[in-house]
Amino acid sequence: MSGMQRVCILGATGSIGRSTLEVVALHPTRFEVFALTARHRMDELAVLCDRWQPRYVAVGTPEQAQSLRRRLAQTRARAEVMHGARALEELASHPEVDSVMAAIVGAAGLAPCLAAARAGKRLLLANKEALVVGGDLFMRTVRQGGATLLPIDSEHSAIFQCLPSDHTAWSRHIDHILLTSSGGPFRAREPETLHDVTPEMACAHPNFVMGRKISVDSATMMNKALEVIEARWLFDLRPEQMRVLIHPQQIIHSMVVCRDNSVLAQLGTPDMKVPIAYGLSWPERIESGAERLEFATLGGLHFEDPNPRRFPGLLLAFDALRAAAGATNALNAANEEAVAAFLSGAIAFTAIHQVNAATLDSLAGAFGSQDTLEDLLALDERARAAARVHVKAMAR
Ligand SMILES: NC(=O)c1ccc[n+]([C@@H]2O[C@H](COP(=O)([O-])OP(=O)(O)OC[C@H]3O[C@@H](n4cnc5c(N)ncnc54)[C@H](OP(=O)(O)O)[C@@H]3O)[C@@H](O)[C@H]2O)c1
């Protein structure tokens with residue numbers, strides 16, 4: 001892509017949003033921040049608007065929009081303030097936007113991702129839940145809209161970097177993929193002792209500072225479960241072509257095992273700025289600001305299979321992939337409710353998996369049609385309602 005790239009960052013106040021701005025800051029003649037969005041953190045958003053001078057900014061409610069306008073009046077920022085779900089879609093598909101960083105957390109990111117895909121944008125996808133909720137519709141929309149989909153999850157970026165640029169060659173190339181995982185903060189903890197862990201313990205990721213939802217997902221390995229589903233859609237893989245491998249150092253970001261048993265891997269220090277810079281610059285490479293890997297000081301690299309008793313959510317993801325369309329959507333909705341309940345202290349850590357499994361059971365495979373955004377959102381709501389019933393039953 002030549003010339004100045006106008007970037008819209010959905011979820012600018014989050015961990016990925018802020019890392020994106022750090023990469024953008026290294027390349028002032030290459031990227032222009034056109035639009036920023038956030039949901040709750042108005043003070044942080046006002047500071048970002050002052051620093052980046054976006055043309056548009058979007059928040060959740062009219063009240064937040066008013067409060068942001070008051071804050072912006074004290075700064076140099078002249079952004080037009082918008083609000084509501086529709087505003088996210090408008091900005092993601094704005095004719096003057098070239099690239100959209102999809103860094104909202106959860107199913108809430110699906111509609112603006114679809115809008116960007118429909119409008120043929122360069123779409124940098126951090127929001128894995130969009131593919132977990134609506135993979136089939138999402139990939140169809142990307143194809144029909146002529147969008148360029150670039151994975152930002154470090155594992156999927158690694159696989160993308162290992163594969164030939166010709167997508168049609170991928171199925172001939174891949175035997176299976178190995179998605180690596182740090183194993184999170186409880187990798188070595190006895191499964192019987194997980195009942196008592198607190199949100200603070202679950203959010204203490206060994207290698208990354210991330211949003212609280214993805215941090216809890218890393219501790220349960222539901223994050224990897226969602227990534228398996230994401231990989232299924234991004235690389236058009238069958239469940240038996242995807243394996244998960246614990247690699248605590250997070251130096252190898254994932255691997256492709258080719259049909260000839262050659263293994264391709266992408267390595268680097270664990271820093272999200274690398275996949276973000278690659279997404280922003282692909283097919284070129286630009287400075288990311290991440291530290292360089294020093295092999296001589298690395299020490300050993302360790303690998304192990306995940307223990308299904310410690311991380312039962314992984315198996316649930318594979319079951320959901322083999323079940324009727326809609327199962328992964330229901331699983332994601334249940335997990336969002338369960339994680340929120342755990343973070344608020346309502347349920348135990350181990351109950352997250354129980355809520356997820358019970359929600360899938362209680363919907364009994366009756367997911368309905370999954371062809372439109374309305375279908376997806378209706379099932380999302382139904383699964384959340386079922387999950388809330390299970391949360392109540394398991395409340396401590
Ligand atoms: N963090 C990582 O290292 C990492 C790595 C790979 C993939 N990802 C994926 O990237 C996505 C973002 O993760 P994160 O760690 O950056 O999350 P985060 O720190 O929690 O940030 C989420 C962002 O989305 C906004 N947001 C939250 N709910 C929203 C809603 N309902 N509507 C509109 N905006 C909303 C938040 O706004 P406020 O803060 O203003 O409320 C914030 O700007 C997730 O899908 C995650 O799985 C993250």
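Predicted model: local features only at pLDDT ≥ 70, side-chain atom pairs only at ≥ 80, totals over all residues.
1. Aromatic pairs. Seven aromatic pairs turn up in a search of the whole structure. One of them joins F160 to W282, with 6.1 Å between the ring centres and 50 degrees between the planes, a tilted arrangement. This pair links distant parts of the chain, its members being 122 residues apart. F160 belongs to helix 7 (residues 154–162), while W282 lies in the loop between helix 12 (273–281) and helix 13 (313–322).

2. Burial of that pair. The two partners fall into separate classes of accessibility. F160 has a relative accessible area of 10% and is therefore buried, the limit being under 20%. W282, at 24% relative accessibility, is partly exposed.

3. An edge-to-face pair. The ring centres of F342 and F349 are 5.5 Å apart; because the planes meet at 70 degrees, this pair is edge-to-face. F342 is buried at 0% relative accessibility, and F349 is buried as well, with a relative accessible area of 4%.

4. Ring cluster. F160 and W282 also belong to a cluster linked by ring pairs, together with W170, F235 and Y278.

5. Charges over rings. Two arginines deserve a look here. R51 has its charged end over the ring of W52, at 3.9 Å from the ring centre. R232 lies over the face of W233, 3.8 Å from the centre of that ring.

6. Parallel strands. Strand 3 (residues 56–59) and strand 4 (residues 80–83) run parallel and are joined by four bridges. V57 has V81 in strand 4 as its bridge partner.

7. Helix 13. Seven of the ten residues in helix 13 are buried, so the helix is largely enclosed by the rest of the structure. The buried residues are G313, L314, L316, A317, F318, A320 and L321. In an α-helix, residues three or four places apart point the same way, because there are 3.6 residues a turn.

8. Cover of helix 13. Which elements cover its buried residues? The cover includes helix 11 (222–235), strand 9 (242–246), helix 14 (327–343) and helix 15 (351–363).

Methods
Residues numbered from 1 in each chain as written. Heavy atoms only, no water. Phe/Tyr/Trp six-rings, centres within 6.5 Å; stacked < 30°, edge-to-face > 60°. Helix = DSSP H or I, 4+ residues; strand = E, 2+ residues; numbered from the N terminus. Buried < 20%, exposed > 50% of the residue type's maximum accessible area, 1.4 Å probe, protein only. Lys NZ or Arg CZ within 6 Å of the ring centre and 35° of its normal. Pairing = 2+ DSSP bridges. Contact = heavy atoms within 4.5 Å.
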